[in-house]
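Please work through the following exercises with the sequence and the model at hand. Each task is followed by a solution in steps.

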Amino acid sequence: MTRIERITQMEALFDESEEVIRHLDQALEDFAALQPAIAELEAYYTSSQWRKDFEADEAGKLPKDLKRGVLSEDGLWNLLTDYRRLKETICKK
């Protein structure tokens, strides 16, 4: 490998690494800012109000065009589980 080829290769690695680190830094900031929203979702999911909303949906009392992924037991549970898993992974590193 020539000097020019080596420098070109290292420059490409440098650029790629810099971009990934910049994106990860932003993602970590976004993840940290998400904590209040996650806490609110978890409080809702564990409340009697969520159960009432879920039952109203099951009984067909909500508009058909209402977006209601939050009432999906698996969807919300998986989101909260993924959040905890990622938080543990970040804290381990």
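The exercises below concern helix packing, salt bridges and a surface patch.

The model is predicted, so local features need pLDDT of at least 70 and side-chain atom pairs count only at pLDDT 80 or more, whereas totals for chains, interfaces and linings use all residues. Residues are numbered from 1 along each chain as its sequence is written, and side-chain values use heavy atoms, with hydrogens and water left out.

**Exercise 1.** Determine how α2 and α4 are oriented to each other.

Solution. Helices are DSSP runs of H or I with at least four residues, and strands are runs of E with at least two, numbered from the N terminus. Axes are lines fitted to C-alpha atoms, for helices over the stretch in contact, and angles run from 0 to 180 degrees between N-to-C directions. For α2 (residues 35-45) and α4 the angle is about 140°, and the axes lie 11 Å apart. Angles under 35 degrees count as roughly parallel, over 145 as roughly antiparallel, 65 to 115 as roughly perpendicular, and the rest as oblique. The two helices α2 and α4 are therefore oblique to each other.

**Exercise 2.** Identify the salt-bridge partner of glutamate 42 and state what the pair ties together.

Solution. A salt bridge requires a side-chain nitrogen of Lys or Arg within 4 Å of a carboxyl oxygen of Asp or Glu. Glutamate 42 meets this rule with arginine 84, the closest N and O atoms being 3.2 Å apart. Because glutamate 42 lies in helix α2 and arginine 84 in helix α4, the pair ties together parts that are 42 residues apart in sequence. Glutamate 42 has a relative accessible area of 34% and is partly exposed, the term for values between buried (under 20%) and exposed (over 50%), with a 1.4 Å probe and protein chains only. Arginine 84, at 32%, is also partly exposed.

**Exercise 3.** Explain the spacing of arginine 85 and aspartate 82 within helix α4.

Solution. These two residues form a salt bridge, with the closest N and O atoms 3.8 Å apart. Since arginine 85 and aspartate 82 are three residues apart in helix α4, about one helical turn separates them. By the same rule, the count comes to four salt bridges.

**Exercise 4.** Name the residues of the nonpolar surface patch and the elements that give two or more of them.

Solution. Leu24, Leu28, Leu86 and Ile90 make a patch of about 330 Å². The elements giving two or more residues are α1 (3-33) and α4 (73-92). Patch residues have over 30% relative accessible area and no salt bridge; nonpolar side chains (Val, Leu, Ile, Met, Phe, Trp, Tyr) are joined within 5 Å, like charges within 9 Å. Accessible areas come from the Shrake-Rupley method with a 1.4 Å probe; for residues, only the protein chains shown count as cover. Leucine 86, in helix α4, has a relative accessible area of 36%.
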